[in-house]
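Subject: Structure handover

Hello,

Here is the structure for you to look through. My notes on what was found follow below it.

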Amino acid sequence: MGKCDDIELVEAKFPPFRDLASSCNGLVLMVHLNCRELHVINPVLKQQLTLPPHPNNFVARKFSNLVYAAASGVYKVVVCTSWGCPTVLTVGDKEWRPLQRSCLLNSIVGNLSINRPLSLGGFLYWVSECAAFVISFNAEAETFQEIPFPQGCTSGSPVTLIEMGCFPCLMRWKETLIWELWVLRDNENARWEKTTSDVNLRGQSSLIKVYTDRDRCFFLPLGWLKCGELMAFLAPSGQSRVIVYSVSLGKIHSILLMEPRMHYCNAFFVPHVNSLVSLSNYCSSC
């Protein structure tokens, strides 16, 4: 994988025939290719827990999410589809439970393409360019909330949610190679704070064109590195690369080449950190 002086692309090793769905505190939720089996895995400890069968007998990776309820000290898996009632499972339990149906959530989930929900601070967040709001799920209370977009931010342009510090950050495409950002400081009161400057790669357009000739929709923000100093983007092309941009210096920090077999892979990425969170408390055989 690609490497520079201080950043390296490292391929995580997962069991075969499973797709990455979600990540939380170093635990990874994976969906078997048969779309029936769900597994929670810690790739560092090489532990795996197979979850009870879902009542729908069909689960897709983009509908399946992992979140941590800190007050209770438990992990929960939430499955939301556009055609049925959302469900939740506390990891370690045997039964799935129905959640209150949310028409707004269904409308967002039904239009998910490359955006994955953000799992952060005991909440899940969904966003879609087809709607001018974010849907949050409180893992402790197991309730959904609609959070309107900040003033001046409209639907219709590509958007994504990334972590910025310990807060959700709404990143919206403004124009070619320019994104504007809002940080959600207060869930309950829907208080957004716009960052003082946009992420602007216009000055690097000549270099970027060398590596990709795709339009804005395929230039994908992946997330922050080094506590907000760097922003990583995926630039799909015949030879996919990760472009790392220095926000403070206003220039490209590095360009990392992905493995050839990953050039045409499905461009689904989720933030992940390695951890020693053990699954042994939920499964005696782990």
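A residue counts as buried under 20% relative accessible area, as exposed over 50%, and as partly exposed in between. Arg202 has a relative accessible area of 38%, so Arg202 is partly exposed. Please keep in mind that this is a predicted model.

Salt bridges

The search of the whole structure gives 8 salt bridges. Arg202 takes part in one of them with Glu175, at 2.7 Å from N to O. Because Arg202 lies in the loop between β17 (199-200) and α2 (205-211) while Glu175 lies in strand β14 (residues 167-175), this pair ties together parts that are 27 residues apart in sequence. Glu175 is partly exposed as well, at 33% relative accessibility.

Glu180 has a salt bridge to Arg172, with 2.6 Å between the closest N and O atoms, and both residues are buried. For Glu180 the relative accessible area is 7%. Glu180 also meets the side chain of Lys194 in a salt bridge of 3.9 Å, N to O. Here strand β16 (residues 191-194) supplies Lys194 and strand β15 (residues 178-186) supplies Glu180, so the pair ties together parts that are 14 residues apart in sequence. Lys194 is partly exposed, at 39%. Through shared partners, salt bridges join Arg172, Lys174, Glu180, Lys194 and Asp198 into one network.

Rings and charges

Lys194 has a further contact: Lys194 lies over the face of Trp182, 5.3 Å from the ring centre. In another contact of this kind, the charged end of Arg185 sits over the ring of Phe167, at 4.7 Å from its centre.

Across the whole structure, 5 aromatic pairs are found. One of them is Tyr68 with Tyr75, a tilted pair with 4.5 Å centre to centre and 40° between the planes. Tyr68 is partly exposed at 24% relative accessible area, whereas Tyr75 is buried at 5%. Trp126 and Phe144 form a tilted pair too, at 6.1 Å centre to centre and 45° between the planes. With Trp126 in strand β10 (residues 123-126) and Phe144 in strand β12 (residues 143-148), the pair ties together parts that are 18 residues apart in sequence. Trp126 is buried, with 1% relative accessible area, and Phe144 is partly exposed, with 22%. Ring pairs link these two residues and Phe137 into a cluster.

Strand β2 (residues 27-32) has 6 of its 6 residues buried. Leu27, Leu29 and Val31 point one way from β2, and Val28, Met30 and His32 point the other way. In a regular strand, side chains alternate between the two faces of the sheet.

β2 runs antiparallel to strand β1 (residues 18-24), with 6 bridges joining them. Arg18 stands opposite His32 in this pairing. The hairpin has 2 residues between the strands, and Asn25 has a positive phi near 55°. β2 also pairs with strand β3 (residues 38-42), antiparallel and over 4 bridges, where Leu29 is opposite Val40. That hairpin has 5 residues between the strands, and Cys35 has a positive phi near 60°.

Cysteines

How many disulfides does a search of the whole structure find? The search finds 0. For Cys85, the nearest cysteine sulfur is that of Cys80, 8.9 Å away. Cys85 is partly exposed at 32% relative accessibility, while Cys24 is buried at 7%.

Regards

Notes: Residues are numbered from 1 along each chain as its sequence is written. This is a predicted model: local features need pLDDT of at least 70, side-chain atom pairs count only at pLDDT 80 or more; totals for chains, interfaces and linings use all residues. Side-chain values use heavy atoms; hydrogens and water are left out. A disulfide is a pair of cysteine sulfur atoms within 2.5 Å. Buried means under 20% relative accessible area, exposed over 50%, partly exposed in between (1.4 Å probe, protein chains only). Two strands pair if DSSP finds at least two bridges between them. Rings of Phe, Tyr and Trp (its six-membered ring) pair if their centres lie within 6.5 Å; planes under 30 degrees apart count as stacked, over 60 as edge-to-face and the rest as tilted. A charge sits over a ring if NZ of Lys or CZ of Arg is within 6 Å of the ring centre and within 35 degrees of the ring normal. A salt bridge is a side-chain nitrogen of Lys or Arg within 4 Å of a carboxyl oxygen of Asp or Glu.
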